[in-house]
Each structure stands twice: as structure tokens, then as C-alpha cells.
Amino acid sequence: DALVYLVSPNGPSCHTGAQSCFFRGLDGETPEPTTALMRLDAVLEARRSESAAKSYTKSLYDGGPAKIGEKLREEAGELAEAVASESDERVVSEAADVLFHAMVALRSRGLSIESVMAELERRAGTSGLVEKAARGG
């Protein structure tokens, strides 16, 4: 039996260091990632450590920070243009490209989308102006 609370913890809530105690399936296996971002993050991590396979993602990793940053700037510019003057469908498509390339950038540094989600949770309820001032920016 268990009592489950829906909360946003400030960190791991399981003694194992996992986000919650409910990270194993009934068969003892860790379940597959459940959200599109988590599934993409797992694929990006796998691509980063591949040695023989060639893929677009692997070519970004092989190009290093400069190539990843260049592509991220390009995609962000395309999103800005779409927001200003294109269809909603185009905005969504360009936003997906920005998220993808931002996640590649994170993984290239050994970071995950979970670290970004945790930062957003930390900022929840704080004015953007207050948060930015606290960072000195």
C-alpha cells in the first residue's frame, strides 16, 4: 500500500537518489521514459556515446560546441522569424527544432533536460524580473 502525493519536490525524494520511489516496474525493470522530452533525451544520450553509427545528431556532437552553438543560433533565428510573420504550424515546427538543438547542446555538456526542468521548478512563482535581478543580469 502507498499514499501518493502530487507535489513538486526540490530534489530527489527517494533514498536511492531517484526523483521518486516509483521508478521501477513490477518486473523490477526501470520503465521506459514516459514523456516525449525524456524519450528524446535518452536517444540524444545514446547518440552521443555511439562510435560507429553516423547520424545528424552524432555529426553535431562530433562538430563540437562551435557547430552546436551555430546550429542553435540558426534555429532560434528561424523561430523568431516564424513568430513574427508565419503560421502557427511553422512556429511549432521551429520551436521543436530549437528544443531539439538545445537538448543536443545540453547533452554535449553531459547535462539533461531534467536539469532544465528542475531549474524551471525552482523559478516557479518567482517574477522574471526578480529572478533575473538575483542572477545579476
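Helix H1 (residues 36-49) packs against helix H3 (residues 88-108) at an angle of about 50°, their axes lying 10 Å apart. Axes are lines fitted to C-alpha atoms, for helices over the stretch in contact, and angles run from 0 to 180 degrees between N-to-C directions. H1 is therefore oblique to H3; angles under 35 degrees count as roughly parallel, over 145 as roughly antiparallel, 65 to 115 as roughly perpendicular and the rest as oblique. The model is predicted, so that local features need pLDDT of at least 70 and side-chain atom pairs count only at pLDDT 80 or more, whereas totals for chains, interfaces and linings use all residues. Residues are numbered from 1 along each chain as its sequence is written, and side-chain values use heavy atoms, with hydrogens and water left out.

The protein chain contains 5 helices and 0 strands, and its elements follow the order α-α-α-α-α from the N terminus. Helices (H or I, at least four residues) and strands (E, at least two) are DSSP runs, numbered from the N terminus. Of the 137 residues in the chain, 19% count as buried, where buried means under 20% relative accessible area, exposed over 50%, and partly exposed in between (1.4 Å probe, protein chains only). Among contacts with a separation of 6 or more, 39% are between residues 24 or more positions apart; contact means heavy atoms within 4.5 Å.

The crossing of H1 and H3 is right-handed. A crossing is left-handed if the near helix is turned anticlockwise from the far one by less than a right angle, and right-handed if clockwise. On the H1 side, the residues involved are Leu37, Leu40, Asp41, Leu44, Glu45 and Arg48, which meet Phe100, Met103, Val104, Arg107 and Ser108 of H3. This contact of H1 with H3 comprises 6 nonpolar, 1 polar and 4 charged residues. In this classification, Ala, Val, Leu, Ile, Met, Phe, Trp, Tyr, Cys and Pro count as nonpolar, Asp, Glu, Lys and Arg as charged, and the others, Gly among them, as polar.

H1 also packs against H2, the two axes coming within 9 Å and crossing at roughly 60°. H1 and H2 are therefore oblique to each other, and H1 passes H2 in a right-handed crossing. Leu44, Arg47 and Arg48 of H1 and Thr57, Lys58 and Tyr61 of H2 make the contact. By class, the contact of H1 with H2 has 2 nonpolar, 1 polar and 3 charged residues.

Between H2 and H3, the packing angle is about 150° and the axes are 8 Å apart. H2 is therefore roughly antiparallel to H3, and H2 passes H3 in a left-handed crossing. The contact of H2 with H3 involves 16 nonpolar, 3 polar and 7 charged residues.

H3 itself has 21 residues and reaches 30 Å from its first C-alpha to its last, close to the 30 Å expected at 1.5 Å a residue. The expected span of a helix is 1.5 Å times one less than its number of residues. The buried residues in H3 are Glu94, Val98, Phe100, His101, Met103, Val104, Leu106 and Arg107. Their cover includes H1, helix H2 (56-85) and helix H4 (113-123).

Glutamate 94, located in H3, is buried with a relative accessible area of 2%. Apart from neighbours within four places in sequence, glutamate 94 is in contact with Glu75, Glu78, Leu79 and Ala82.

Glycine 69 lies in helix H2 and is buried, with a relative accessible area of 18%. The C-alpha atom of glycine 69 is separated by 8.7 Å from that of histidine 101, 32 residues apart along the chain. Proline 65 is likewise found in helix H2 but counts as exposed, at 73% relative accessibility. A distance of 7.5 Å separates the C-alpha atoms of proline 65 and alanine 105, which are 40 residues apart along the chain.

Just after H3, glycine 110 takes a positive phi of about 80°. Serine 112 is found in the loop between H3 and H4 and counts as buried at 18% relative accessibility. Not counting residues up to four places away in sequence, serine 112 touches Asp41, Leu106 and Arg107.
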